[in-house]
Amino acid sequence: MSKTQVSRFKSSVDQERRHFYSEEIQPEVFLLLGNPVQLTPDEAAAMDEYQTEDETAFVVEEVSKIIKESVEAAIGGNAYQHSRVNQWTTSVVEQCLSQLSKLGKPFKYIVTCIIMQKNGAGLQTASACFWDNTTDGSCAVRWENKSMYCIVNVFGLSI
Amino acid sequence: MEEYHNGSEGSFNSEEADGIVKECIESVVGADDYSQSQVNKWTASIVERCLTQLVKQGKPYKYIVTCAVMQKTGAGLHTANSCYWDTAMDGSCTVRWENRTMYCVVSVFAVAIA
């Protein structure tokens, strides 16, 4: 890919990397990181086309709601059971993914789910993403009950 | 751009990514025991390093790298991933690593840029 093509695709926020720690995510952080640079008037005019359309943006609240519903539906009232965990993680990701694709937005999605028994063990997760900051986004949801933790991450990459 | 539409160059090479990730994990936590004060730093530097190495390859991909480090105390941990993408061009690779005191699971997702 030649340099000119890369800059056309990536717009002004070239190849910016973001990393965040799943344990410490606050919704405000996404808003902060979403507006990092000054655009030239030409770029701003081009971006307006995309930013005013909710149909083509990654909406964190909407995705967060979908995730919470999927987790509740799949493991809501249950206690950690080694024999069923496999089935639960699969059904959480599948439900999330099907609800997300129903949104009909021009995105590719990656959904990951971690379920951990509450045993006093420490768990730390982190992700780093190399994408287009203006159009792509992610959302992480932490859920817990008395016997387990569930962490779901959704990454949306615009086509 | 035509050169990237060639089938063999176009798909994600997961063995290569696997090798890169293993190297990064070894270099960051290879010799250490689980330590709550350091784990934050470790996860950040593993994802950072993997991402840098992957981007250096210069391929037309967007990358997502996730890393989970868990202390060995007998707790059960289950992870699952599901992806809605172009199966011909996109790919992923997951590496599980452990030592005496901890587990480390790193996943790399590569999504082709059109």
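Figure 1. Chain B exposes about 5,500 Å², and carbon and sulfur atoms supply 45% of it (Shrake-Rupley method, 1.4 Å probe). Of its 114 residues, 48% count as buried (under 20% relative accessible area, 1.4 Å probe, protein chains only). In this predicted model, local features need pLDDT of at least 70 and side-chain atom pairs count only at pLDDT 80 or more, whereas totals for chains, interfaces and linings use all residues. Residues are numbered from 1 along each chain as its sequence is written, chains are lettered from A in the order in which they are written, and side-chain values use heavy atoms, without hydrogens and water.

**Figure 2. Fold of chain B.** Three helices and four strands make up its secondary structure, in the order α-α-α-β-β-β-β from the N terminus (DSSP runs: helices H or I, at least four residues; strands E, at least two). The C-alpha trace spans about 50 × 25 × 20 Å along its principal axes. Among contacts in chain B with a separation of 6 or more, 69% join residues 24 or more positions apart (contact: heavy atoms within 4.5 Å).

**Figure 3. The second largest pocket.** This pocket holds about 380 Å³ of space (an open set of points on a 1 Å grid where a 1.4 Å probe fits, with protein on both sides within 12 Å along at least five of seven lines; lining residues have an atom within 4 Å of a point). Of its 25 lining residues, I114(A), A68(B), L77(B), T79(B) and V105(B) are the closest to the centre. Strands that each supply at least two lining residues include β2 (107-117) of chain A and β1 (61-71) of chain B.

Methods. Buried means under 20% relative accessible area, exposed over 50%, partly exposed in between (1.4 Å probe, protein chains only). Grid points are joined across faces, edges and corners, and a volume is the space filled by probe spheres set on the points.
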